[in-house]
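Please keep the viewer open as you read.

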Amino acid sequence: MNAQTSNLQGQGISLSFGGIQVLKGLDLEFRAGEITGLIGPNGAGKTSLFNCLTGAYRPQKGSITYAGAPLDGLPPAARAKRGVVRSFQTVALCPDLTVVENVMIGLSRNYHAGWLNAFLPLPKGRRELAEMRSAAEGALAELGLANVGDLFPEQLPPGMLRLVEIARAIVGKPSVLLLDEPAAGLNNSETRDLTRTLREIASPDLVMVVVEHDMDLVMSICDRIYVLNFGEFVTCGRPDEVRQDPDVIRIYLGSEDD
Ligand SMILES: Nc1ncnc2c1ncn2[C@@H]1O[C@H](COP(=O)(O)OP(=O)(O)OP(=O)(O)O)[C@@H](O)[C@H]1O
Ligand SMILES: [Mg+2]
């Protein structure tokens with residue numbers, strides 16, 4: 001697909017809960033080949049925007065397109081089939097599955113035999129299962145988790161669980177990767193590894209959007225940054241532009257979060 005056209009675009013995205021407007025007519029273009037930062041204070045609407053992009057929330061107004069095709073009205077599973085995937089601010093792994101099995105869930109759009117078929121002793125199912133496991137192990141290794149695949153989530157520390165979530169998001173080779181606070185709960189060395197990994201994952205066809213409060217991470221990996229405050233974009237620009245923007249300094253960087 002032409003990277004030029006495989007952008008994620010939004011026009012006039014508006015979302016309200018019980019009369020409170022959480023997103024106020026947002027226009028955006030998250031570009032393929034770039035890492036886009038989405039920052040803003042607590043409650044600004046970052047996660048709500050991700051929820052609109054993935055189909056978990058249905059905005060009252062506006063439209064969202066990927067590669068020129070509208071996503072409006074499509075449920076999350078249909079958007080995932082088009083490669084729109086996300087990680088969650090609060091880690092959401094299945095406690096009864098092993099780590100590698102959790103990551104394999106991220107491949108469900110890529111394989112057609114399905115879970116039931118995969119567990120039956122049919123050659124196609126067995127082959128798919130083996131391929132899925134090997135891809136999941138590869139994604140875990142990419143995140144430095146080569147030896148934990150057979151453990152259960154409860155056996156891992158919180159930082160590692162977040163990396164497992166990211167492995168599940170990247171294993172299916174997404175076209176749009178939305179990461180909601182990927183560094184939350186990671187220690188300094190895990191954050192450094194994550195920063196390197198995100199740079200490695202970036203590719204000309206991938207739209208990657210990172211919501212993060214860790215400014216060092218955002219400023220070092222993002223090509224462009226959108227700043228959201230009370231459901232409105234304050235500005236959008238390169239890290240050096242955003243860093244110096246007086247409104248951003250006042251609204252966000254000077255806030256008590258820092
Ligand atoms: N399902 C919901 N029902 C009611 N209000 C909601 C819902 N989801 C989000 N909100 C409200 O929308 C606003 C934006 O919340 P959101 O979680 O999107 O912020 P955020 O920028 O992700 O914040 P944080 O940095 O703390 O994660 C908040 O006022 C929140 O209470
Ligand atoms: Mg949030």
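The shell around ligand 1 divides into three nonpolar, seven polar and one charged residue; here Ala, Val, Leu, Ile, Met, Phe, Trp, Tyr, Cys and Pro count as nonpolar, Asp, Glu, Lys and Arg as charged, and the others, Gly among them, as polar. Among the residues surrounding ligand 1 are F17, K46 and Q89, where near means a C-beta atom, placed from the backbone, within 6 Å. Helix α1 (residues 46-54) gives the largest share of this shell, three residues.

This is a predicted model: local features need pLDDT of at least 70 and side-chain atom pairs count only at pLDDT 80 or more, while totals for chains, interfaces and linings use all residues. Residues are numbered from 1 along each chain as its sequence is written, and chains are lettered from A and ligands numbered from 1 in the order in which they are written.

| Class in α5 | Residues |
|---|---|
| Buried | E128, M132, A135, A136, A139, L140 |
| Exposed, on the face turned away from the buried side | P123, A130, S134 |

After α5 comes G144, with a positive phi near 75°.

Across the whole protein, 39% of the 258 residues count as buried. The C-alpha trace spans about 60 × 40 × 40 Å along its principal axes.

Notes: A residue is buried if 20 or more other C-beta atoms lie within 10 Å of its own, exposed if 12 or fewer, and partly exposed in between; C-beta atoms are placed from the backbone. Helices (H or I, at least four residues) and strands (E, at least two) are DSSP runs, numbered from the N terminus.
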